[in-house]
Amino acid sequence: MNRRQGRPGSKQPLDQVYPVVFSGISMKNRQHCFLHLLQAEAAYNELLDKASKVRQELSQIVFLGEELETLIKDFGVAMDADEMSMFNWHLTNLEYANVGLLSQLSLAFWDQDDPYDMGGDHCFLSGGNGRLVPALAENVPIIFLKTVHVIRYGRDSVKVTTRGQLFEGDMALCTVPLRVLKSGSTRFILELPQQKLDKIKRLDFGLLNKVAMLFPFMF
Ligand SMILES: Cc1cc2nc3c(=O)[nH]c(=O)nc-3n(C[C@H](O)[C@H](O)[C@H](O)COP(=O)(O)OP(=O)(O)OC[C@H]3O[C@@H](n4cnc5c(N)ncnc54)[C@H](O)[C@@H]3O)c2cc1C
């Protein structure tokens with residue numbers, strides 16, 4: 001997930017492109033709602049960039065939330081209620097994307113996985129993403145409704161047990177969700193290495209709710 005928003009290619013210093021935001025003078029014309037959104041987005045991206053620069057100069061442990069609060073005050077960002085609410089949306093989205101409170105994220109390391117992010121623009125697959133599934137599943141036997149209870153693995157083979165059935169193979173790729181691994185409902189024999197168990201315990205995940213709304217007309 002790209003935690004910075006908008007199009008990075010079009011970045012310019014915020015005080016040149018959106019003087020309204022940094023001067024703290026709010027626009028009163030609500031027809032400029034879309035402009036507000038862009039301003040809040042640009043301000044948000046700009047502050048993240050400033051926070052990245054600042055961290056190189058800091059020796060002590062500083063949290064991202066703390067630094068953003070300082071920068072918000074220093075630059076007088078999002079002073080009016082509309083801009084503030086959009087700005088807050090970005091901050092909340094950042095917490096969701098990082099599965100953690102900004103007040104608990106390290107300024108130095110919060111985005112250390114960014115270089116491994118998937119780049120490029122979003123795209124639309126004609127015919128829908130559903131086309132990918134049959135193509136990927138071609139000639140792959142898929143057995144539904146088999147809950148794996150035990151995975152016995154050794155150097156040369158693996159035995160996977162579901163209720164009343166045993167599957168054997170040279171190796172198994174286990175892709176059950178983290179929640180399932182945390183619950184311990186799938187037993188590994190041998191037990192997983194301690195390092196993996198510790199990571200399963202430490203890693204967390206976010207909660208995502210999506211609301212679908214169907215309108216009787218297009219707008
Ligand atoms: C509401 C919602 C909206 C999302 N929207 C997007 C989006 O727009 N774009 C996007 O990129 N991602 C989205 N995601 C995230 C995406 O769906 C997940 O990241 C992705 O599906 C994870 O794939 P996975 O194979 O790791 O796990 P899963 O898709 O969860 O697959 C794990 C499978 O393991 C099976 N399983 C579990 N336990 C056992 C067991 N003991 N034995 C056998 N099988 C078992 C489960 O039944 C499941 O089929 C969304 C997620 C949610 C919840």
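In helix H4, the buried residues are Leu64, Glu67 and Leu68. A residue counts as buried if 20 or more other C-beta atoms lie within 10 Å of its own, as exposed if 12 or fewer do, and as partly exposed in between, with C-beta atoms placed from the backbone. Seen down the axis of H4, the buried residues fall within an arc of 100 degrees, so they line one face of the helix. The arc is that of the directions from the helix axis to the C-beta atoms. An α-helix has 3.6 residues a turn, so residues three or four places apart point the same way. The twelve residues of H4 should span 16 Å at 1.5 Å a residue, and the end C-alpha atoms are 16 Å apart, which agrees. The expected span is 1.5 Å times one less than the number of residues. Just after H4, Gly76 takes a positive phi of about 55 degrees.

The model is predicted; local features need pLDDT of at least 70, side-chain atom pairs count only at pLDDT 80 or more, and totals for chains, interfaces and linings use all residues. Residues are numbered from 1 along each chain as its sequence is written.

The protein has eight helices and four strands. These are DSSP runs numbered from the N terminus: helices are H or I, at least four residues, and strands are E, at least two. From the N terminus on, the order is α-α-α-α-α-α-β-β-β-α-β-α. Of the 219 residues, 11% count as buried.

The largest nonpolar core has 14 residues. Such a core is a set of buried Ala, Val, Leu, Ile, Met, Phe, Trp, Tyr and Cys residues joined through C-beta atoms within 7 Å. Ala43, Tyr44, Leu47 and Phe87 have the most contacts inside this core. Helices H3 (33–55) and H4 (64–75) are the elements that give two or more residues to the core. H3 gives the most, with six residues. Beyond its neighbours within four places in sequence, Leu47 is in contact (C-beta atoms, placed from the backbone, within 7 Å) with Leu68, Leu71, Ile72 and Val77.

Helix H5 (residues 81–98) has 18 residues. Its first and last C-alpha atoms are 26 Å apart, close to the 26 Å expected at 1.5 Å a residue. Glu83, Phe87 and Leu94 are buried in H5. They cover an arc of only 30 degrees around the axis, which puts them on the same side of H5. The face turned away from this buried side carries the exposed residues Ala81, Ser85 and Thr92. Just after H5, Val99 takes a positive phi of about 50 degrees.

Conventions
Two residues are in contact if their C-beta atoms, placed from the backbone, lie within 7 Å.
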